[in-house]
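User: Hi! I am new to reading protein structures and would like to work through one with you. Could we go step by step?

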Amino acid sequence: TKRFVRDHLRYLDEIQCAAARIVQAIRHRARKHDPEGNPDGNFDSFHVRRGDFQYTSTRLEADEIYANTNDVLTENATVFIATDQQKKDFFDPL
């Protein structure tokens, strides 16, 4: 199954191009945030799904997410969060 997915499934060009535009915009913002220290526009990212799991134990609070990831995050870096969380202040601890 994994090999079939790897070898045969592809995103449409429109989706790939849209994703590339988003990454370019995030890199631009990251460069603006720290032009000397981050000339490549590197950023950290999360995909946090909050509302579509039947098991509530998968719904970590933001401070738990931070505690689990702070050792791999870049200090003062731009962070992109893709989420279905409705309340933006949920991510304040990040």
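User: Is aspartate 7 buried, partly exposed or exposed?

Analyst: Keep in mind that this is a predicted model. Buried means under 20% relative accessible area and exposed means over 50%, with partly exposed in between. Aspartate 7 has a relative accessible area of 35%, so the label for aspartate 7 is partly exposed.

User: Which side chain meets aspartate 7 in a salt bridge?

Analyst: Here is the general idea: side chains of opposite charge can pair when their charged atoms come close. A salt bridge needs a side-chain nitrogen of Lys or Arg within 4 Å of a carboxyl oxygen of Asp or Glu. For aspartate 7 the N to O distance is 2.7 Å, and the partner is arginine 6.

User: How many salt bridges are there by this rule?

Analyst: Besides the pair of arginine 6 and aspartate 7, glutamate 61 forms a salt bridge with arginine 50, with the closest N and O atoms 3.9 Å apart. By this rule, the count of salt bridges is 2.

User: How many residues apart in sequence are the parts that glutamate 61 and arginine 50 tie together?

Analyst: Glutamate 61 and arginine 50 form a salt bridge. Glutamate 61 lies in the loop between E1 and H3, and arginine 50 also lies in the loop between E1 and H3, so the pair ties together parts whose separation in sequence is 11 residues.

User: Of glutamate 61 and arginine 50, which counts as buried?

Analyst: The cut-off for buried is under 20% relative accessible area. Glutamate 61 is at 40%, so it counts as partly exposed. The one at 15% relative accessibility, and therefore buried, is arginine 50.

User: Is the aromatic pair stacked, tilted or edge-to-face?

Analyst: A search of the whole structure finds 1 aromatic pair. The rings of phenylalanine 90 and phenylalanine 91 have their centres 4.9 Å apart and their planes at 85°. Planes over 60 degrees apart count as edge-to-face, so the pair of phenylalanine 90 and phenylalanine 91 is edge-to-face.

User: Are phenylalanine 90 and phenylalanine 91 buried or exposed?

Analyst: Phenylalanine 90 has a relative accessible area of 13%, and phenylalanine 91 has 12%. Since buried means under 20%, phenylalanine 90 and phenylalanine 91 are each buried.

User: Where does threonine 78 lie, and which residues is threonine 78 in contact with, leaving aside its neighbours within four places in sequence?

Analyst: Threonine 78 lies in the loop between helix H3 (62-69) and strand E2 (79-83). At 15% relative accessibility, threonine 78 counts as buried. Leaving aside neighbours within four places in sequence, its contacts are Ile26, Arg29, Ala30, His33, Phe43 and Asp44.

User: How far apart in space are glutamate 36 and lysine 88?

Analyst: Glutamate 36 sits in the loop between helix H2 (13-33) and strand E1 (44-48). With a relative accessible area of 78%, glutamate 36 is exposed. Glutamate 36 and lysine 88 are 52 residues apart in sequence, and in space their C-alpha to C-alpha distance is 29 Å.

User: What is the radius of gyration of the protein chain?

Analyst: The protein chain has 3 helices and 2 strands, running α-α-β-α-β from the N terminus on. A compact globule of 94 residues would have a radius of gyration near 12 Å, but for the protein chain the value is 16 Å.

Notes: Residues numbered from 1 in each chain as written. Predicted model: local features only at pLDDT ≥ 70, side-chain atom pairs only at ≥ 80, totals over all residues. Heavy atoms only, no water. Phe/Tyr/Trp six-rings, centres within 6.5 Å; stacked < 30°, edge-to-face > 60°. Buried < 20%, exposed > 50% of the residue type's maximum accessible area, 1.4 Å probe, protein only. Rg over C-alpha atoms; globule rule 2.2 N^0.38 Å. Contact = heavy atoms within 4.5 Å.
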